[in-house]
Amino acid sequence: MKKLLFNSLLLIVAITKVQAQNIKVLDKSSREPISNVIIKDNANNSAVTNSKGNADISSLTKTDSLTFLHVSYHTKKIIQLQDSKVTEVELISRQIQLDEVIFSANRIPEKKSDVPYSMEIIKQKDIEFGNQPTTGDVMSNTGNIFVQKSQLGGGSPSMRGFEANKVLMVIDGIRMNNAIYRGGHLQDIMTIDPNMLERAEVVFGPSSTMYGSDALGGVMHFYTKNAEFSSDDKLLVKANAMLRFASVNNELTEHLDFNLGTKKFASMTNITYSNFGDLMSGATKLTGYTNTWDRDYYVKRFDKRDSMVSNPNNNLLVGSGYNQIDIMQRFNIKTGEHLTHNLNFQMSSVTRLPRFDRLAGDYAGGKLKFAENYYYQQRILGAYTLNFDGKTAISDNIKFIFGFQSIDQDRITRKFQNVNRKKQMEDVIVISANLDFYKNIKKHELRYGLEFTNNYVGSSAENRDIIKDSAFKADTRYADGGSSMTTLAAYVSHAWEVNTNFIFTDGIRFTYNYLSSTFNDTTFFKFPFKTAQQNNQAITGCLGFTWRAENDYKVSMFANTGFRTPNVDDMSKVFETGPVLIVPNPNINPEYATNFELSISKVFQGRYKFDVTGYYTILENALVLRDFKYNGSDSLKYGGSKLKVQAMQNADLAYILGINAGVQFDFNDNISFKSNINYTYGRYVDTKTDTVMPLDHIAPMFGQTSIIYKAKNTNIEFFVRYNGIKSASDYSLSGEDNAQYSANKVSGYMPSWFTLNIRAGYNITKNLRLNIGCENITDNRYRVFASGINAPGRNFIISLRFKF
């Protein structure tokens, strides 16, 4: 008997006594229940854990050892004893995910190892442990997505040299990109509350076959927490409350979400309120730039007059703080074995968001240019989703999504010592419908569907004398008679599993787009037209293969195309940026990207992974800002200043090449290591002047390296984040790289930088978890390339999270 027990112990990681009928499986570090764990006995009988981590093992052989299998956790074996009273088993998460399931590459669940796309997966537990204040910071925290900031509230993600309206954001299957998404730096990701996310998936590279226009750099698909049904006759009740404080801006965030579920009906409610004070930047200044980015003065009003007030602590970025509220409500209704209905409501609101780059960085005649410059921003989404997973002749799954979005975006500006406050108001209504089908036919997977979107943009403006409280006309940002953009599309995507090692992928999409703007009032600009219209069509496709060897090699080759059709912002915007005035130009065409990439990865012993991806993207008809003559003039007087005129125009050709490389090591069950680095190079060719110029939005080399420790109830991560130099010769002349906010305000230059950071999580009880961290330990003063605000200085973060 002793010999038998000794031989059995050699096969196990730990011995846990289990009850004969039920068992609960938990994450060892976080104590979170783990769903979808497969529990097998030696006879290959199995049970699966539910959403609470519970499984009924009464059907398994009582005298066998049990094996616990999950794609995200190290496999564990235990000896099962009939008289056991212990009911819990703890698993340790893997850093290397071998057969992870993803949803966004082809809009259906599939193994990540089966698709040729390069992807980044961010799970709820990663978001909670990362403890980041905004979704833009969550993206930056991956080390694979570059994020520019114009103000404290925001973040403009850049992927493979594309940014803003050339990167597509999707939430719960609905496009967020709308007709006024601009080509500069877009901060709209801030309207997504990171606390409401269940996961986020990032698809790198052109993805227009599945997602249509704008997906040139890639797709960021955000999945919010869904309402969860009960697996039995009891009411399922779950709650999650969080309180967080951060020292660098005196952030106070309060969050609550709770789920109520029966077998047929479920509700998920999510509420977050955040208050961010003024940001404290680092005190350790860059060599040679001792006074760079100091906040020496700010504007304050005394006796109805603006004054520049000396800042006693020029590391404190006075005027950068804001507050935000986010609400989400989801309902899930099951009306049949294969039919579910989902209702989804989201609201995000910021009442006064300072445009810090303009408030602190714009000077005129030695004085601050603006006394006021801020946004009011609100995003409302309502959606209905029907999901039918019964098998028919034409599909194994049908999903229909109807979406309604209302975006209210107001810009309020007032120049220094000027009594006129300008308010430009943009109201966007978006109606969308998606119908997606999936069918499996032996070794073939077929995905096909239809998409419809309609955008209406209303643009109005007023000037108001703040002394007399009288209003008068102001120029609108977009066409004052309204603008509309309508898109119709159809797509087919196919995957063929030729054999166990080889998968072939292909797809095609046709998109039709109609765009119209009406200019009623030409008081401020004598437009040579009253209306501007465009009709565009695009055909895009993809072709790739994935080869997976039995020894954990994976090689993917992929060729795909993408496009971005001009929108209202491209065609009809009037906008001042620095010494430049951007004017409307209806004579522009869609831009097209053709991408080639090769990815190679290898996993050794299930614990050591190396991967590298190289890509080359050709952008034809690239839309870039260039000097322009408006009614024959290369400059115009606007807002009291004479400004150089630019407009969106099609460049002849642009190209981007780059590489992403990473390593992940699980040294043992407790210690892991991961590191990644990204390099991008981009240029556009102007055949008119026979010149090759730097392309805008090209990030310097950047990456992140982490060492991770996991133990019972504990997670610790030490990580280094770093950026390379952005030299003057690599700054775009378009102005989009914001040379005026760099370390050299004339020609542009951004020094390299790094930060040392640490964070940890500890379970005080089974329901209460403490997370602490310190970011930028050395308190470095730096800015991220193209940003108009300093990065945070030394930041101590503490949060308490209660779950049941």
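The model is predicted, and local features need pLDDT of at least 70, side-chain atom pairs count only at pLDDT 80 or more, and totals for chains, interfaces and linings use all residues. Residues are numbered from 1 along each chain as its sequence is written, and side-chain values use heavy atoms, with hydrogens and water left out.

**View 1. Strand β32 and its partners β31, β33 and β34.** Strands (E, at least two residues) and helices (H or I, at least four) are DSSP runs numbered from the N terminus, and two strands pair if DSSP finds at least two bridges between them. β31 (residues 420-441) pairs with β32 (residues 444-465) in the antiparallel sense over 22 bridges; within this pair, N420 has D465 as its bridge partner. Two residues separate the strands in the hairpin of β31 and β32, where K442 takes a positive phi near 55°. β32 also runs antiparallel to β34 (residues 483-497), to which 14 bridges join it, and E445 is partnered by A495 of β34.

**View 2. The open sheet β11-β12-β13.** Three strands form this sheet in the order β11-β12-β13, with antiparallel pairing. Its edge strands, β11 (146-148) and β13 (162-163), each pair on one side only. β12 (residues 156-159) is joined to β13 by two bridges, and S158 has E163 as its bridge partner in β13.

**View 3. The second largest pocket.** On a 1 Å grid over the protein atoms alone, a pocket is an open set of points with protein on both sides within 12 Å along at least five of seven lines, whereas a cavity is a set where a 1.4 Å probe fits but cannot get out; lining residues have an atom within 4 Å of a point. Grid points are joined across faces, edges and corners, and a volume is the space filled by probe spheres set on the points. The second largest pocket holds about 600 Å³ of space. It is lined by 26 residues, of which T413, K415, K422, E576 and Y638 are the closest to its centre. Two or more lining residues come from each of β29 (370-388), β30 (397-415), β31, β38 (575-577) and β43 (635-638). The lining has nine nonpolar, seven polar and ten charged residues, where Ala, Val, Leu, Ile, Met, Phe, Trp, Tyr, Cys and Pro count as nonpolar, Asp, Glu, Lys and Arg as charged, and the others, Gly among them, as polar.

**View 4. The largest cavity.** A search of the whole structure finds 15 cavities of 30 Å³ or more, and the largest cavity has a volume of about 680 Å³. Among the 41 residues that line the largest cavity, D137, K149, R721, Y782 and P792 are the closest to its centre. Elements giving two or more residues to this lining include α3 (135-140), β11 and β18 (236-246). By class, the lining of the largest cavity divides into 19 nonpolar, 16 polar and six charged residues.
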